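I opened this notebook to keep track of what I looked up, starting with the overall fold and ending with a few backbone details.

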Amino acid sequence: VPMSMAATVVLYPSPGIGHLISMVELGKLILTRHPSFSITIFTTTTSFNTGSTGPYLRRVSSTTPSITFHNLPLIPLDPASFPSTEAITFELLRLNTPHVRRSLLSLSTTTTIAAFVIDLFCTPALPLGSELNIPSYYFFTSGAGCLDCFLYLPTIHQNINQSFKDLNTDLYFPNLPPIPAADMPSPMLERNSTEYECFIDFFNHMPKSDGIIVNTFEALEPRALKAISDGLCVPNGVTPPVFCIGPLIASGEDRGGGGGDVEECLTWLDTQPSRSVVFLCFGSLGLFTGEQLKEIAIGLERSGQRFLWVVRAPPTQTPVLLALPDPDLGSLLPDGFLDRTKERGMVVQSWAPQVAVLQHDSVGGFVTHCGWNSALEAVCAGVPMVAWPLYAEQRLNRVLLVKEMKLALWMNESESGFVTAEEVEKRVTELMDSEEGKAVRDRVKAASEGTREAMSEGGSSRVALAKLVESWNQS
Ligand code: UDP
């Protein structure tokens with residue numbers, strides 16, 4: 001098929017709104033650089049909850065006609081027979097591969113596939129690229145520090161024989177601060193698990209791709225990026241080209257997966273003083289027990305700070321794979337809490353329009369679960385963070401955000417992960433009203449400036465994007 005025919009770039013995200021949003025943004029970004037390309041996004045239908053994506057997909061389809069969603073057929077799997085969300089997701093993506101192959105083949109009869117871009121979890125599809133002669137890339141949806149760590153983990157795997165959860169020491173990665181072994185991604189803590197095995201396999205495959213696109217920008221993580229490009233993270237010293245094209249975040253107009261009255265909290269923010277409100281939100285999957293919710297409420301109340309807090313119903317089962325109902329705030333929060341704090345606080349059920357909230361002038365701090373999208377959204381908006389990781393690679397992100405980038409304060413938890421009301425009060429007050437908090441705020445402001453430079457004409461992220469897309473043109 002001659003290249004003059006409209007070529008398409010196939011993007012294959014893993015399930016989950018966080019992964020999907022950044023892949024869609026990557027698609028939009030490629031279109032800004034190369035409007036004659038079309039974008040085809042392979043989406044995975046799941047029989048378990050991965051955050052609400054339906055409304056989001058419909059909005060993108062109607063606003064960006066150059067993006068086509070291609071739904072892969074449903075592979076019914078029973079969540080009850082898998083130990084974790086990761087385990088079921090990896091199995092699903094493995095079983096997807098023949099369907100992905102068929103879809104790529106059928107697409108290539110009518111159009112040129114300029115490139116095939118996959119999420120880390122979609123590694124089983126990587127060999128299809130070389131089989132079908134399509135240049136294949138990873139889109140790494142976390143930061144460069146995390147990429148440094150992941151590329152180096154197979155080396156660490158060779159050198160130790162214990163589970164990370166039993167290893168009471170720090171691990172050393174090229175150009176990163178020491179990271180406690182227990183802060184490795186939660187599904188990797190147990191060495192004798194399928195999840196661990198899958199991850200090591202994914203990490204071994206990454207360097208075999210034609211390139212790794214990373215959702216970060218050079219000035220944010222220079223040391224990690226240098227380690228990666230100098231080949232310090234992989235055993236043979238050869239890393240494929242890395243393209244830092246970020247920060248890619250959803251626009252403030254996209255209202256995420258929320259139903260309900262998402263505008264209400266923005267209207268409320270309009271009535272609050274500039275930079276005065278702490279925003280608490282814990283990603284698409286973050287959940288707390290009833291006990292922890294009460295503790296947060298007590299801490300917030302004692303801090304006296306203004307707050308906007310997204311509250312979800314506590315988990316009823318682990319792992320959480322089914323959609324949860326809205327929380328019953330009256331019974332979950334301490335008696336009279338909502339009434340006593342109504343002048344300076346607002347509780348939103350289940351979901352808030354996070355990007356728009358962070359960009360609102362009244363928001364001055366963010367208590368986050370350290371999902372990478374959330375961190376980037378805060379950096380773009382210049383909002384300093386308190387880092388309270390919950391799942392996935394978030395504990396690792398906390399080390400990087402606090403110790404390497406110095407854009408967040410550390411939330412201390414007990415061994416079981418419980419955070420006391422005192423700690424919530426202390427950290428929120430420190431963020432909003434202390435010298436340390438101000439230092440973090442100043443650095444986030446500077447980083448926020450950095451995002452604008454990186455994304456402007458001639459900026460590092462624009463140059464990286466141009467290089468990437470131009471290489472597809474010539475192939
Ligand atoms: N998000 C949102 N409202 C919510 C919770 C999450 O808009 O109430 C968005 C958030 O802005 C981010 C994404 O969902 O873009 C979550 O991605 P992240 O990487 O932070 O965490 P994950 O959900 O993947 O753990």
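This is a predicted model: local features need pLDDT of at least 70, side-chain atom pairs count only at pLDDT 80 or more; totals for chains, interfaces and linings use all residues.

**Entry 1: the cis peptide**

With that naming in hand I looked up Pro247, and I found it in the loop between β9 (242-244) and α8 (263-270). The peptide bond leading from Gly246 into Pro247 is cis, with omega near 0 degrees. I wrote beside this that most peptide bonds are trans.

**Entry 2: the whole chain**

I then stepped back to the protein as a whole, for which I recorded 17 helices and 15 strands. How does the radius of gyration stand against that of a compact globule? For 475 residues such a globule would have a radius near 23 Å, and the protein has 22 Å, so the value agrees with that expectation. The C-alpha trace spans about 65 × 50 × 50 Å along its principal axes. I noted that 49% of the 475 residues count as buried. Turning to contacts between residues at least 6 apart in sequence, I found that 75% of them join residues at least 24 apart.

**Entry 3: the nonpolar core**

I next asked which residues of the largest nonpolar core touch the most other members. That core holds 148 residues, and the ones I was looking for are Val117, Ile213, Phe279, Leu308, Val386, Ala387 and Leu401.

**Entry 4: strand β4 and its partners**

Strand β4 covers residues 112-119, and seven of its eight residues are buried, so I describe the strand as largely enclosed by the rest of the structure. I looked up its pairing with strand β1 (residues 7-12), and found that the two run parallel and are joined by six bridges; within this pairing, Thr8 has Ile113 of β4 as its bridge partner. β4 also pairs with strand β5 (residues 136-140), again in the parallel sense, over four bridges, and here the bridge partner of Asp119 is Phe139 in β5.

**Entry 5: strand β11**

Is strand β11 (residues 306-311) mostly covered or mostly open? It is mostly covered, since I count six of its six residues as buried, on the cut-off of 20 or more other C-beta atoms within 10 Å. In a regular strand the side chains alternate between the two faces of the sheet.

**Entry 6: the ligand shell**

I turned to the ligand and found 22 residues surrounding it, with Gly18, Gln354, Gly371, Asn373 and Ser374 the closest. The elements that contribute two or more residues to this shell are α1 (17-33), α12 (354-358) and α13 (372-381), and the largest share, four residues, comes from α13. Sorted by class, the shell has 12 nonpolar residues, nine polar and one charged.

**Entry 7: Ser448**

Ser448 lies in helix α16 (residues 435-455), and I class the residue as partly exposed because it has 17 C-beta neighbours inside 10 Å. Which residues does Ser448 contact, once neighbours within four places in sequence are left aside? They are Val379, Cys380, Ala381 and Gly382. The C-alpha atoms of Ser448 and Val379 are separated by 5.4 Å, although the two residues are 69 residues apart along the chain.

**Entry 8: positive phi**

Most residues other than glycine have a negative phi. Against that background I looked up Asn175, which has a positive phi of about 60 degrees and sits in the loop between β6 (170-171) and β7 (179-180). With 19 other C-beta atoms within 10 Å, Asn175 is partly exposed. Lys406 likewise has a positive phi of about 60 degrees, and I placed Lys406 in the loop between α14 (394-404) and β15 (408-410). Lys406 counts as partly exposed because it has 14 C-beta neighbours inside 10 Å.

Key:
Residues are numbered from 1 along each chain as its sequence is written. A residue is near a molecule or strand if its C-beta atom, placed from the backbone, lies within 6 Å of it. Ala, Val, Leu, Ile, Met, Phe, Trp, Tyr, Cys and Pro count as nonpolar, Asp, Glu, Lys and Arg as charged, and the others, Gly among them, as polar. The radius of gyration is taken over C-alpha atoms; the globule rule is 2.2 Å times the number of residues to the power 0.38. A residue is buried if 20 or more other C-beta atoms lie within 10 Å of its own, exposed if 12 or fewer, and partly exposed in between; C-beta atoms are placed from the backbone. Two residues are in contact if their C-beta atoms, placed from the backbone, lie within 7 Å. A nonpolar core is a set of buried Ala, Val, Leu, Ile, Met, Phe, Trp, Tyr and Cys residues joined through C-beta atoms within 7 Å. Two strands pair if DSSP finds at least two bridges between them.
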